[in-house]
Amino acid sequence: MANESPKQHQLEAKRKRLTWILGVSGLCVLFYVLGAWQHTAAPTNLAQSITKVACDVSNLSGVSSNPSSQSAVLDFNSHHQIQINKTDSVNEIPPCDMSYSEYTPCQDPQRGRKFDRNMMKYRERHCPTKDELLLCLIPAPPKYKTPFKWPQSRDYAWYDNIPHNELSIEKAVQNWIQVEGDRFRFPGGGTMFPRGADAYIDDISNLIPLNDGSIRTAIDTGCGVASWGAYLLKRNIISMSFAPRDTHEAQVWFALERGVPAMIGIMASQRLPYPARAFDMAHCSRCLIPWHQNDGLYLIEVDRVLRPGGYWILSGPPIHWKKYWRGWERTEEDLKQEQDAIEDVAKRLCWKKVVEKGDLSVWQKPLNHIECTASRKILKTPHICKSDNPDAAWYKDMETCITPLPEVSGSDEVAGGVVEKWPARAFAIPPRIRSGSVPGINAEKFKEDNDLWKDRMAHYKNIISPLTQGRFRNIMDMNAQLGGFAAALVKYPVWVMNVVPANSNPDTLGVIYERGFIGSYQDWCEAVSTYPRTYDLIHAGGVFSIYQDRCDITHILLEMDRILRPEGTVIFRDTVEVLVKIQTITNGMRWKSQIMDHESGPFNPEKILVAVKTYWTGQAKQKQQ
């Protein structure tokens with residue numbers, strides 16, 4: 001037989017190779033089709049084929065209906081389960097009885113009566129036990145209305161929102177508050193400023209520099225309806241006003257309804273919930289705090305929270321007692337002794353008396369403790385505290401010792417560092433970061449945080465249209481970190497209560513105050529020191545990841561509902577698993593919500609849940625019966 005030619009051999013090899021490739025490909029396609037057919041079942045309805053995670057954006061009050069800002073519908077069901085403390089089988093959470101409409105869990109007057117009246121301890125925070133926690137929604141009054149917008153809210157509030165006219169009767173002569181038909185009017189008067197808060201502040205500005213940006217943060221002890229703080233705002237000074245829940249019914253509530261920063265608080269036996277060196281100015285206008293008693297304990301606490309070079313302003317008893325002693329129904333000798341005692345405490349704290357003019361007296365804290373330390377050889381008490389964290393202020397007792405200031409190298413140096421004047425102060429590197437006293441935070445990270453919040457705010461403005469339309473006034477950041485959210489909002493007519501969770505590491509509340517913002521420590525396993533329905537917007541970034549192993553997240557959400565106004569908004573930022581758990585609970589709280597992508601896109605594991613509390617009110621008692 002003749003040999004095959006090489007050309008024929010090559011053609012035969014190519015034919016076999018092609019046949020083999022086609023055969024293998026055909027088998028792959030066949031097995032793929034068979035596998036898909038075996039594991040696929042046609043959905044019986046649309047609900048089975050799509051996992052719905054939220055309501056329609058177009059029906060979500062306060063959330064943008066711009067299609068470009070909506071995330072695609074995704075399956076947010078948790079496939080890698082984590083355990084989160086929450087009440088079992090929470091479906092629809094019922095409303096509480098109307099008798100709880102004004103409930104303040106940790107400042108409940110009935111619970112307070114059980115505690116020691118010495119040093120007003122019964123008016124401090126006393127929170128309910130686990131068995132006493134309510135599992136219901138605090139109802140708004142039957143005729144509740146959306147509060148007036150700022151700046152009109154400074155002067156007006158709806159009567160039906162806070163149906164208490166006690167102050168309008170008790171303080172009628174002093175012009176704190178007046179009832180005019182269906183609303184309250186706040187004329188700006190006060191016990192020690194009959195010409196109005198504006199004129200009173202003008203008097204203060206003639207004594208110390210209020211208008212050059214060097215004074216930005218203030219604290220008002222025993223604030224009444226916070227008219228002093230309200231009228232400081234137009235001078236770019238923000239005041240933390242506080243007063244106890246006491247016989248002056250709802251004074252702090254009125255302040256918050258006006259859109260003025262305030263919280264329930266008292267100077268009793270525990271430190272105020274603020275860091276050391278927080279305030280540029282402290283104020284007491286007939287606040288009835290016994291400054292000279294208990295070895296000067298309360299002035300020592302004011303000294304702790306005052307910045308170096310900060311001012312303390314006192315008006316009312318005993319100042320100018322020669323003029324007012326008859327009206328105050330006290331003897332001249334008694335008032336003179338009180339003022340002498342206050343002067344002595346101030347001297348022992350190394351304060352300098354700046355001026356006493358008319359009804360006002362002003363002292364100034366030293367820039368550092370060089371001379372004060374030396375003076376302890378003569379003035380034995382109060383001594384300077386040793387081994388103390390000056391910022392520790394959550395359920396920590398006051399002490400009769402001077403909180404030490406950071407070391408300095410010269411007598412003219414400001415202890416802890418100089419802060420910039422406002423408004424540059426908001427974005428300047430805070431002294432605590434410059435000095436490296438906040439672990440893990442340096443100037444570069446501070447700048448990165450500011451840039452991060454620029455991106456977040458741009459995203460928030462797209463998904464929450466009321467953010468820039470004057471709809472919000474009172475805002476709370478539940479985990480404020482460096483205060484970036486407040487800084488990003490600085491050009492809008494809002495104020496932010498920057499909350500740093502108690503015992504945080506690092507503790508950043510001091511940084512927030514150095515930036516010219518205000519805030520407080522808070523343990524979110526407990527209720528906030530405020531009245532119901534006092535905030536328009538709450539930001540909760542990473543809060544539930546922090547607290548999911550500490551306490552029942554249902555009660556944290558119920559507390560958020562208590563302090564949130566009807567139709568108020570909440571922004572949650574957390575992992576998908578946590579947000580789905582949150583949404584499951586809030587669906588039973590009359591909230592509408594939607595999970596959205598992170599501002600950086602859908603591949604970021606952190607997501608955003610935007611929720612809105614719907615409008616509903618309780619029923620009048622007779623209707624309930």
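Visitor: Hi! What should I know about the numbering and the cut-offs?

Guide: Residues are numbered from 1 along each chain as its sequence is written, and side-chain values use heavy atoms, with hydrogens and water left out. As this is a predicted model, local features need pLDDT of at least 70 and side-chain atom pairs count only at pLDDT 80 or more, while totals for chains, interfaces and linings use all residues.

Visitor: What is the mean pLDDT of the chain?

Guide: The mean is 88, and 85% of the residues reach 70 or more; pLDDT is the predictor's confidence in each residue, from 0 to 100. Over residues 38-82 the pLDDT is below 50. Where pLDDT is low, the predicted coordinates should not be read in detail.

Visitor: New topic: is Arg258 buried or exposed?

Guide: Arg258 is buried (under 20% relative accessible area with a 1.4 Å probe, protein chains only; exposed is over 50%, partly exposed in between). Arg258 has no salt bridge (a side-chain nitrogen of Lys or Arg within 4 Å of a carboxyl oxygen of Asp or Glu).

Visitor: Which side chain of opposite charge is nearest to Arg258?

Guide: That is Asp155, 4.8 Å away. The Arg258 side chain does reach the backbone oxygen of Val225, at 2.9 Å.

Visitor: And how many disulfides are there?

Guide: The count is six, taking cysteine sulfur atoms within 2.5 Å. One of them joins Cys525 to Cys551, S to S 2.1 Å.

Visitor: Which hand does the Cys525 and Cys551 link have?

Guide: The torsion about the S-S bond is about -85°, so the link is left-handed. Cys525 is partly exposed at 32%, while Cys551 is buried at 14%.

Definitions and conventions. Lys, Arg positive; Asp, Glu negative; His and termini not counted. Polar contact = N/O pair within 3.5 Å; in protein donor to acceptor, adjacent residues only side chain to side chain. Contact = heavy atoms within 4.5 Å.
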